[in-house]
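Hi everyone, thanks for coming.

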Amino acid sequence: MFNLILFGPPGAGKGTQSERLITKYNLVHLSTGDILRSEVAAQSALGIRAKELMDQGDLVPDEVVIGMIKTKLQDNPTATGFIFDGFPRTTAQAEALDALLRDLETSITMMIALEVSEEELITRLLKRGESSGRTDDQDRSIIQNRIEEYTTKTAPIKDHYSAQDKFHPLEGMGTIDEIFGRISGVIDPVI
Ligand code: AMP
């Protein structure tokens, strides 16, 4: 299996690049943000609980997202690989993911981290907020909080995968095609 963590702050381009990567490499896309938004839309108990935190740009509890990922892994027994987008976001989530994959006799192949300046992230998110309808993309202070959550709780996961020699930082500025080319340049030699 080929299991990729596409990593980076909000607005780094993970969703956009994932859409292309699933087609090129025949992978299943698991975005915890997308799954949570569909739970919110369905007004499930989980969605109602998560909505308040998401609206503020705070992370939802680890056990909630870990449970969601566990279910999705079980739902896709024939997948040749996964792209994890927006997960893991804490060290506890990274450890839980390693354990879940170990149970399936597989592991993370690599983490590719898209690096984008904070100024560019804010510009991209506010622009996306004009068309996406996502309220967490429309308010500067909520965007700042999401970046802060990333910096304090999520960025340290890089060390977890560096220690396993799986961490690949990449320039996340430029055109969608340029960035896709850089990502492919890291994946192609190992897939
Ligand atoms: P995203 O679409 O990845 O930007 O996620 C939108 C929001 O969903 C985040 O601001 C969090 O509130 C929540 N969320 C998504 N993924 C996670 C995760 N792995 N852990 C905790 N909260 C998450």
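This is a predicted model: local features need pLDDT of at least 70, side-chain atom pairs count only at pLDDT 80 or more; totals for chains, interfaces and linings use all residues.

Residues are numbered from 1 along each chain as its sequence is written, and side-chain values use heavy atoms, with hydrogens and water left out. When I say helix or strand, I mean DSSP runs numbered from the N terminus: helices are H or I with at least four residues, strands are E with at least two.

Okay, the sheet. Five strands make an open sheet, in the order β2-β3-β1-β4-β5, with parallel pairing. Two strands pair if DSSP finds at least two bridges between them. At the edges sit β2 (28–31) and β5, each pairing on one side only. From one strand to the next, the twist averages 20 degrees. Helix α2 packs on this sheet and touches β2 and β3, its direction making about 65 degrees with that of β2. Contact here means heavy atoms within 4.5 Å. As for the angles, they run from 0 to 180 degrees between N-to-C directions, and axes are lines fitted to C-alpha atoms, for helices over the stretch in contact.

Now zoom in on β4, residues 110–115. Five of its six residues are buried, so β4 is largely enclosed by the rest of the structure. Buried means under 20% relative accessible area, exposed means over 50%, and partly exposed is in between, using a 1.4 Å probe and protein chains only. On one pairing, β4 and β1 (residues 2–7) run parallel over four bridges. On another, five bridges join β4 to β5 (residues 167–171), also parallel.

Next, two helices. α2 (residues 32–41) and α4 (residues 62–75) pack at about 100 degrees, with axes 11 Å apart. That makes α2 roughly perpendicular to α4, a label that covers 65 to 115 degrees; under 35 is roughly parallel, over 145 roughly antiparallel, and the rest oblique. Who meets whom? Thr 32, Ile 35 and Leu 36 in α2 meet Val 65, Met 68, Ile 69 and Lys 72 in α4.

Then there's α5, residues 91–103. Its 13 residues reach 19 Å from first C-alpha to last, close to the 18 Å expected at 1.5 Å a residue, where the expected span is 1.5 Å times one less than the number of residues. Its buried residues include Ala 94, Leu 97 and Leu 101, and the buried residues of α5 pack against β1, α4, β3 (81–85) and α8 (157–162). Just after α5, Glu 105 takes a positive phi of about 60 degrees.

Last stop, two loops. Gln 43 is in the loop between α2 and α3 (45–56). Is Gln 43 buried or exposed? At 62% relative accessibility, Gln 43 counts as exposed. Ser 117, in the loop between β4 and α6 (118–132), is partly exposed at 35%.
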